[in-house]
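This report goes through one protein model, from the whole chain down to single residues. Sequence and structure come next.

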Amino acid sequence: MGSLSTGKDQLMDILQAIGNTSMVRLGKVVPPNCADVFMKLEWENPTGSVKDRMAQAVISRAEEDGRLKPGDAVIEYTGGSTGASLALVCAAKGYRIKIVSSDAFSQEKLDQMAALGAELTLVPSEGGLTTKKLILDMIEVARRLSQEPHTYWTDQLNNHDSIVGYYWLGEEIWHQTQGEIDAFVHCVGTAASSRGVATVLKRYKPSIKIVAVEPAESAVLSGGQPGSHKIEGVGIGYTPPLWDATLVDDILPVKTDDAKEMARRIAREEGVFAGVSSGANVVAALQVGERLGPKAKVVTLMADSGLKYLNTDVYKTDNTRARS
């Protein structure tokens, strides 16, 4: 065994732990004659979410150009993962943070934001569902709070800095696959992560297929009507301002129930413990993989950890069944 170095040059702060996540290959859930499907384990980031990447970018870039100054507070509306990521960065940098969220999102996410120092304002939902009205209500509350003095509103749905935060994710995917990648598949919330990754991958290899995933119950990107669903963090009910259709080759709708069931399956059968949007990513990635065939390589993201959903029906129902 090698010795553990404790020299100062080996030490880093928490923000330097963001990125450089592992990539693993799916096994048992992959059907015959399907492409190889690889997953970036974004729960390896400090808060257990891919959103750490954008949070670091939007805060750092706002500091650099003076939009965010020492002593200011940060405000954002979020389903939870972005809020936790921003709270982490603000804790590390010494900023006060206020988060507008809702009872539509898991208690674990709300608790994590609060644990990292966020001051929460909760907007009531319609039966715990994500709807267009809920998102717009949350934005309006955040807008009002942002008018207070010495406040910086990160405004994730309109903030182009968040796209930059995902460029390095695209670089990681390209180098980890050694350029042998045929498709990238990922759910759309703000559209920043898909756009950031696609920008990098298309630059290296224009023929790469970029596939966007959205809730079937609210398939607005596919031309459908907005509706309620329970895939947290995605499917806002209207086309997000950061959406760039020129970078996207296909859009696949996935039902909430199918996403939840796939999340349970990959936990049981693969040992991959992820959230609902990650389940939707796998459903869509397998569809793409079957189209492309066994010689192709498809990459998707495990956007966050299943630990953020333990008390939701994604895993709570499973535990009940196991005891019965």
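The accessible surface of the protein comes to about 14,000 Å² (Shrake-Rupley method, 1.4 Å probe; for residues, only the protein chains shown count as cover). Carbon and sulfur atoms hold 51% of that surface. The model is predicted: local features need pLDDT of at least 70, side-chain atom pairs count only at pLDDT 80 or more, and totals for chains, interfaces and linings use all residues. Residues are numbered from 1 along each chain as its sequence is written, and side-chain values use heavy atoms, with hydrogens and water left out.

**Whole chain**

The secondary structure comes to ten helices and ten strands. These are DSSP runs numbered from the N terminus: helices are H or I with at least four residues, strands are E with at least two. The radius of gyration is 19 Å, close to the 20 Å that the globule rule gives for 324 residues, so the protein is as compact as a globular protein of that length. That radius is taken over C-alpha atoms, and the rule is 2.2 Å times the number of residues to the power 0.38. Along the principal axes, the C-alpha trace spans about 60 × 55 × 45 Å.

Of the 324 residues, 56% count as buried. Buried means under 20% relative accessible area, exposed over 50%, partly exposed in between (1.4 Å probe, protein chains only). A contact means heavy atoms within 4.5 Å. Among contacts between residues at least 6 apart in sequence, 73% join residues at least 24 apart.

The protein has 35 positive and 40 negative charges, and their mean positions are 2 Å apart. Lys and Arg count as positive, Asp and Glu as negative; His and the chain ends are not counted. Each charge is placed at NZ of Lys, CZ of Arg, CG of Asp or CD of Glu.

**Confidence**

**Selected residues**

| Residue | Relative accessible area | Class |
|---|---|---|
| Ser194 | 9% | buried |
| Phe38 | 16% | buried |
| Asn33 | 61% | exposed |
| Ala191 | 5% | buried |
| Gly293 | 10% | buried |

Phe38 sits in strand S2 (residues 36–41). Beyond four places in sequence, Phe38 touches Met23, Val24, Arg25, Lys297, Val298, Val299 and Thr300.

Asn33 lies in the loop between strand S1 (23–25) and S2. Its phi is positive, near 60°. Most residues other than glycine have a negative phi. Gly293 contacts Asn33, Cys34 and Ala35, leaving aside neighbours within four places. Gly293 is in the loop between helix H9 (276–292) and strand S10 (297–302). The C-alpha atoms of Gly293 and Ala280, 13 residues apart along the chain, are separated by 20 Å.

Ala191 occupies the loop between strand S7 (183–187) and H7. Phi of Ala191 is about 80°, positive although the residue is not a glycine. Ser194 belongs to helix H7 (residues 192–204). Outside four places in sequence, Ser194 is in contact with Phe184, His186, Cys187 and Val188.
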